[in-house]
Structures are given as C-alpha cells and as structure tokens.
Amino acid sequence: YLKISKLALAFAIIHSKPPGKSCKEYTEHLAKTVSEQDFGWKLKVEALEAEVLRLRQELLLNKICPRFCLENDAPAETLLDRECLNPMSSSSQLEDSGCDVSNDYAFNSLGIASDFQQSEHVGPSKHWQERVPLLNLCCTAKEESLTAPVQFLQHLLEIRKLSERGILQADFTELENDSFTICNSVSQLLDGLTVFYNSPKFPVSNFLTEAVCVLVSLITDTKLSNHVLKKCFKKLEEFKKNLIQIILRNSNVNRFQALHAVSHTLVLLGRNNILRNSLISLLLSELRQFAEQLLQAHQIQDMHDITQYENIFLLCMILEQLLQNETEESNVSSSDCDGEEKIKFLKNLDQIILHLSDEFPLFSLYLWRVSVLLNSAQIQ
C-alpha cells in the first residue's frame, strides 16, 4: 500500500508540475509548503493549549476562592506582605566580557556567594515561606511564556496567606480534584526556565529570579507542596540535573555571568528542605565522578577537560553553601548525610586528594572542605 501511495504521489507531482520547473524543484517546493502549514498549525495548537491552561487556572482560583478577584482591589495593608529581592544589578551585567560579576553575586575569598548567606536569626526555610516576591511583569519575549504560570502560582500563595490571616475564606480541597492544572503550570515554568538558562540574555531580568522564588515558596508551603511534589518531583529532579549540566558543559568565553545566575537558582532551590537532600546527592555524584576522572587522567598523563575543570568550582561553591545551611539549621535532616552518595564520595577521598594536591591544589582544597562539612553534618 505504501509503495502504491508513493507511486501515485509521484505521478500526481509529474502531471501537475508547472512548466520550467524540474520534478525535484517542484517536489521540494511542495514539501516546504506542507511543512510551513504544519508549523502554522503547531503554533495555533500551542496557542490554544496555552489559552485552555490559562482558563483552567482562572477557574481553579475561582473555585478555591470566589472572592479573590475582588480582594485584589483591597487596601495594600490587607494584602500579602511582599519583599523586594536584590537580584543582579542591571548596570553590572555587561555583554562584552561576561567576566565581571556584580556585588550581589560576588564570591568572597572562601568561595561562598555573599548574596546567598543568611541572617543567623532567620532560618532559610522560614524566610522563604513567609515571603513572596513582588512580580515584575515587564518581561522579554522569551519570558512571556513564564508569565501565566508565575501569576497563577503567586495567586495561590497569596490566597494561602490571606486565608491564614482570616481575610479570605478558601477551600484548597479543590486542588485534589484538579491537580492537573497546578502540575502543568509548574512544568511549564520549569520548561521555560530551562530554555532561558540554555541561552540566557543579559542583563538577567529580575523576573526570572522572582519566578524561581515563587516556585520555591510554593514547594515550601506545606499545604500546597503536596499537590506539586506528588506529580512534579521527577520534573523538579530533571530540572536540577539540567542546571548542573548547563554549568558543567558551558564552554562560552563569556559564560561566567550566566553560570552565576544558574548557580543562584540552584542555591535558591536548595534552601528548601525537600529539594536540598536530592540536590546535595546530585552535586556529590558529579564532583566524585569528576575527581575520579581527573585522577585517572593525571595518573596516565592524559589531557583533561580544562573548561569542565573551571566550571566544577561553581558546583563546589553551591555544595559548600548547601552543606553549611544544613549544618547551621536546628532541624538538620540527616537523611542524605548518611546516604549512599556520601559513602561513595568519602571512599578513597584522602588518596585522591593526596595524588592531586601537587598538580591541582585548589581543587584538592575544595574536596577537603566538602568532606569536612559532610562530617560536620554527621557529627551534629
């Protein structure tokens, strides 16, 4: 049947081709026309799917709290308290070299991002649970796909806060009946963030940092996170793996600002207790594998990946910050500290450091510091 169909199509093309064109040229023209039509239909389908999701989001918010739209016009003091974040300064985001890092993202001499450090009086989980960032809806074309899910998720957080204060009456059991909408919104947000971080534009918009903060706030909220983590945990894990690979594989000359933006996102995700342990495991695995590969290349006097060697220090800084946060918190979760990845990482680590210390002293120092933090968490 397929052969007959192809033969019939070939005869149809031959009989209908205009004069002055070869069969090959006419076939290519027809193929291009059909593909353009298919692309147009795909765009229409995507637009309709986005509109359906937006309507489902609006309907779900209405079911949870019919009065929410009216409350948006209430006085400012009755609405959710918001915190203005201090993301990367636009003035410091230059397109020429990419090597200049703003003060907000500057790393001190110990290799820890000063912007990631927190007040000793406020735990990170509590900090992000109590604050929801103010949305800046002035976004670029690439960020427009993130606007709808970010707005929807922030509205859910606002309703939660206002209902806790007794300002609104909300019924969150509706989330059980329509978990598709919230999970699809989270997936759309994660996909949009991944697209941006794969090819970022500078200066990095505050909107992207705020979008990540909304996601972290959603996962930190105990009543809302269950609905997300049930179906989106694998998607979140894949998102973290993608960000780690973006850091490791980026070989652009002007890559450092982009990598610091990705690092900041990973640290924000790691402030959540639920995501932190799995993120620590992923980072330990990548660091262990790289250390073993570097040792093997050193022993046989083979070449090693210079770019990956430069990028691995960002993973070391992220891991160090997450381990410090875990050790400093009063409710330290030891589920990962005693896990399989820690055992694998610490196995033969002293020998690896011994053999690499002369040729790679800085990397050896980072390995040692990570091992100290792992042991500190276990002792505490």
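The model is predicted. Helix H14 spans residues 349-356, while helices H7 and H9 span residues 179-198 and 222-249. The structure has zero disulfides.

**Helix H14**

- Leu349, Ile352, Ile353 and Leu356 are the buried residues of H14.
- These four lie on the same side of H14 because they cover an arc of only 95° around its axis.
- An α-helix has 3.6 residues a turn, so residues three or four places apart point the same way.
- Asp350 and Leu354 are exposed, on the other side of H14.

**Helices H7 and H9**

- The axes of H7 and H9 are 9 Å apart, and the two helices pack at an angle of about 5°.
- H7 is therefore roughly parallel to H9, since angles under 35 degrees count as roughly parallel.
- On the H7 side, the residues in contact include Ile182, Val186, Leu190, Leu193 and Tyr197.
- On the H9 side, the residues in contact include Val228, Leu236, Phe239, Leu243 and Ile246.
- Cysteines also take part, among them Cys183 in H7 and Cys232 in H9.
- Sorted by class, the contact of H7 with H9 has 12 nonpolar, six polar and three charged residues.
- Asp191 in H7 and Lys231 and Lys235 in H9 are among the residues that meet there.

**Cysteines**

- Cys213 has 1% relative accessibility, so Cys213 counts as buried.
- Cys316 has 0% relative accessibility and therefore also counts as buried.
- Buried here means under 20% relative accessible area.

Key: Residues are numbered from 1 along each chain as its sequence is written. This is a predicted model: local features need pLDDT of at least 70, side-chain atom pairs count only at pLDDT 80 or more; totals for chains, interfaces and linings use all residues. Side-chain values use heavy atoms; hydrogens and water are left out. Buried means under 20% relative accessible area, exposed over 50%, partly exposed in between (1.4 Å probe, protein chains only). The arc is that of the directions from the helix axis to the C-beta atoms. Axes are lines fitted to C-alpha atoms, for helices over the stretch in contact, and angles run from 0 to 180 degrees between N-to-C directions. Angles under 35 degrees count as roughly parallel, over 145 as roughly antiparallel, 65 to 115 as roughly perpendicular and the rest as oblique. Contact means heavy atoms within 4.5 Å. Ala, Val, Leu, Ile, Met, Phe, Trp, Tyr, Cys and Pro count as nonpolar, Asp, Glu, Lys and Arg as charged, and the others, Gly among them, as polar. A disulfide is a pair of cysteine sulfur atoms within 2.5 Å.
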